[in-house]
Amino acid sequence: MAEQRGTVGGPVLTEWFGRANLHKLEVYEKLGGYEGLRKVVTGMSAAQVIDEVKASGLRGRGGADFPTATKWSFVPKDHPGPKYIVVNADESEPGSAKDRYLMENSPHALIEGAAIATFAIGGHQAWIYIRGEYDLPYEKLRDAIAEAHAKGHLGDHPFGTDYPLDIRLYRGHGAYICGEETALLESLEGKRAQPRSRPPFPAIKGAWGQPTAVNNVETLSTVPWIIRHGGAEYAKRGTEKAKGTRMVTVSGDVQKPGNYEIEIGVTYRHIIEELAGGPFPGRKVKVFWPGGSSAKVLPGSMLDTSTDLDGLKALGTMGGSGGIIVMDDSHCVVKGAARLLRFYAHESCGKCTPCRVGSNWAVRTYERILANEGSQIELALLDRVQQGLQGGRCLCGLGDAAGWVIQSTMNHFRNEYEEHCLHHTCSVEGALIHA
Amino acid sequence: MSALSSHLLEEIKALPAKYPQPRSAVMPALDLAQEELGHLTPEAMSEVAVALQLDPGYVEGVATFYTLFHLEPVGKHRFYVCTNLSCMLRGAEDVVDRLKAAIGVREPGEVSKDGLFSYEEVECLGACEYAPVVRLDHRYEVDLTRGKIDSLVNDRRLVRSHVKTGVRSSLDTTPEPPRKKPVRRTKKSG
Ligand SMILES: Cc1cc2nc3c(=O)[nH]c(=O)nc-3n(C[C@H](O)[C@H](O)[C@H](O)COP(=O)(O)O)c2cc1C
Ligand code: FES
C-alpha cells in the first residue's frame, strides 16, 4: 500500500493501524479483533448491545451526528420480515477520505461492526454500499468478508451460535447524492438515486421496503472497540456531549495532509498546525472548511475553534464528515467557492426545483464574475440565490450545503467578492478559472 | 447477432436471484455489459433490459444517471481526473492541461487517435490527502506531477508495443517516491 498518511496507533479507530497485514483476518484476530462480535452473539441480547453503545454516546460520523444507539432502537423489534443494516460507504463529500482510509487499513473492523449492528437491530443481513471508484477498498472488503465466512465468524452459525449473519457488497456508480441515505436506498434498489420524502423513515421502511438502519463506515468501525472496552470507557474521551474520538481528513494547503484520529474537543489549530504540519513556509491559513465542503467556512482567525460538535453547531457550521479543507493566502476564495458550486450543481439530482435551478444559477453567476463581467448585480444575485438554496425547501441537504458555501464565503470574504465584481481584479491569484 | 455475448447474457440472467428484489441487478448487469464492450450501446442496454425483464427506457434512465456508465466510446485507459477543491489547490488544472497534451485530446470524453486514452474531469475521489489524484485502470495514482502524468501515459504506450510489462499503480504497491512539492499555478504578478 502507498505510504500511510495519517494516524497509526491512535486511541480507538486506528489503534492497530501500522501493524503489517492488519487487513488479514489472522492478524486482526490475534490483536483482539472479533472479540466484540463473539461477545455479542454468544452472550448478549440485542437490547444490551444497544445499551452499551448508548453508554458510549457514539454519534453518527456520516455528517448528521445522530446518536447511533437511538437510530438502532427505532427499528421495530416485532417486524415479521427481514431487517437490514446498510453501511454507507459512498464517501463523496469533497475533502473527506477517512472512510477509505479505514476500509483500506482495517476492513475487518467495519465487517465486525456491521455484524454487531445487524445483531443489535435483530436482523441477519447487512449491505455495504460502496462508491464505485473505491476499487481497492472494495477488494479488501470482498476478501475480508470471504475470510470471515471461511472462519465461521459470518454465515449460518457465527461462533457456533444459531444466529445467521451475512454481509454483502453493492457497488455504486458515481453520484454524490447516493451518500444521502434515502437516495442510497433507491440506488441499492436499482433506481436512479433520488432522495425519498420522509416519513416513512428508513427505520420503518428502508431497503426493499423493510426496516433499515443506515450507518456510516466510521460509525460502525468504532463499534467493536466500544463492545470490547465498554461504552463508559469510550465516553471518557471527548467533550461533555460529543463523546469519543473521530477521524478527520486534512487536505489542501498544508504540509502533511492526512487522515488523523483526534479526540473530539481538540482545536483546529492543533489539527492543522501540529498534526497536518501547518501551511507552507511563508503562507498563512486564510480559510478552512471544518467538516467537509458542506460545512460553513471559518476564517483563519478562528483556528482556535474547538472540534466539539455542539460548539460548531452553535457557530452555525458543523463537524460534518470530518473533511478539513485548508486554503492559504495564495488562493482565491471566490474561485474556490465557484469550484464547489460547480460540484453541487453537477451532483444535484434534479428532483427539487430550488436545488436544481439555484445551483445552476449560482454557477453561471460565478462564471460571469470570474470572467470579469461581474457587477453589483452579481453580488446581489449570489445573495438571493444563496437564500433560495437554503431553508430546508428540498428533500435533502444538498441544496442547503450549496447555499452555505456562498453565504459563508461571502460573509467572511466580502472584500474578495467585491474586488472581483466591482473592480474586476483578483489581488490573490490574478488567474481566471478555466471555463 | 446480439451485442452481448451469450455467456454474459446468461450471467446477467442469474443476477436478480442474488438480491431481495430483482431490480437491484440492473447496475451490476450494466457493469458486466460495460466491461465487455467498453461502453454501453443502445443495443447492449436493451439486451440487458430483456435479460432482466425490465423496460429498456428504465434501464437507459439508470445508465444515464450515474457517471461511471459510459454511453459513448471511451479510451482503453480512462483517466478520471479529480478537479475538486483539494486537488485544485494542489494543481489539478495543471494535471488536466498536461494530460490533454500527453494523450493528444482537446476535451473530456475525446478518445486519442490510437484509441488508448480518454479522460474525464470528476468530483472528489475521496483521496484528498494524496491530491492531485486520478483514477486509472481501477487504481488511484497519487501526488501527480507533470512528470508522473507523462510516465503513466508512456508506460501504457509501451505496454501496448511490448505487450506485457508491469504497470505500476500507486495506492497498491510499495514505497512511494518522496513527496514532491505541489504544482502551483504560476501567478500573474500584482
Ligand atoms: C447530500 C448528502 C450526502 C451525504 N453523503 C454521505 C456520505 O457520503 N457518507 C455518509 O456516511 N453519509 C452521508 N450523508 C449522510 C447520510 O444521509 C446519513 O445521515 C448517514 O449515512 C447516517 O449514518 P451515521 O448515522 O452513521 O452518520 C449525506 C447526506 C446528504 C444530505
Ligand atoms: S478533492 Fe480530489 S480527491 Fe478529494
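Helix α9 (residues 217–229) of chain A contributes the most to the lining of the largest cavity, namely four residues. Helices (H or I, at least four residues) and strands (E, at least two) are DSSP runs, numbered from the N terminus. This is a predicted model, in which local features need pLDDT of at least 70 and side-chain atom pairs count only at pLDDT 80 or more, while totals for chains, interfaces and linings use all residues. Residues are numbered from 1 along each chain as its sequence is written, chains are lettered from A and ligands numbered from 1 in the order in which they are written, and side-chain values use heavy atoms, with hydrogens and water left out.

The largest cavity has a volume of about 140 Å³. On a 1 Å grid over the protein atoms alone, a cavity is a set of points where a 1.4 Å probe fits but cannot get out, and a pocket is an open set with protein on both sides within 12 Å along at least five of seven lines; lining residues have an atom within 4 Å of a point. Grid points are joined across faces, edges and corners, and a volume is the space filled by probe spheres set on the points. The lining of the largest cavity comprises 14 residues, and A:Val12, A:Leu13, A:Trp16, A:Ala109 and A:Ser221 lie nearest its centre. By class, this lining has 10 nonpolar, two polar and two charged residues; Ala, Val, Leu, Ile, Met, Phe, Trp, Tyr, Cys and Pro count as nonpolar, Asp, Glu, Lys and Arg as charged, and the others, Gly among them, as polar. In the whole structure, the search finds nine cavities of 30 Å³ or more.

The largest share, five residues, belongs to β4(A). The lining of the largest pocket divides into 17 nonpolar, 18 polar and 13 charged residues.

The second largest pocket has a volume of about 1000 Å³. Of its 32 lining residues, A:Tyr138, A:Arg171, A:His173, B:Asp31 and B:Glu35 are the closest to the centre. At least two lining residues each come from α7 (135–151) and β3 (166–171) of chain A and from α2 (26–37), β1 (77–82) and β3 (134–136) of chain B. The largest share, six residues, is that of α2(B).

Helix α7(A) also meets helix α6 (residues 107–120) of chain A: their axes come within 9 Å and cross at roughly 60°. Axes are lines fitted to C-alpha atoms, for helices over the stretch in contact, and angles run from 0 to 180 degrees between N-to-C directions. The two helices, α6(A) and α7(A), are therefore oblique to each other; angles under 35 degrees count as roughly parallel, over 145 as roughly antiparallel, 65 to 115 as roughly perpendicular and the rest as oblique.

In chain B, the axes of helix α3 (residues 42–52) and helix α4 (residues 56–65) come within 8 Å and cross at roughly 120°. That makes α3(B) oblique to α4(B).
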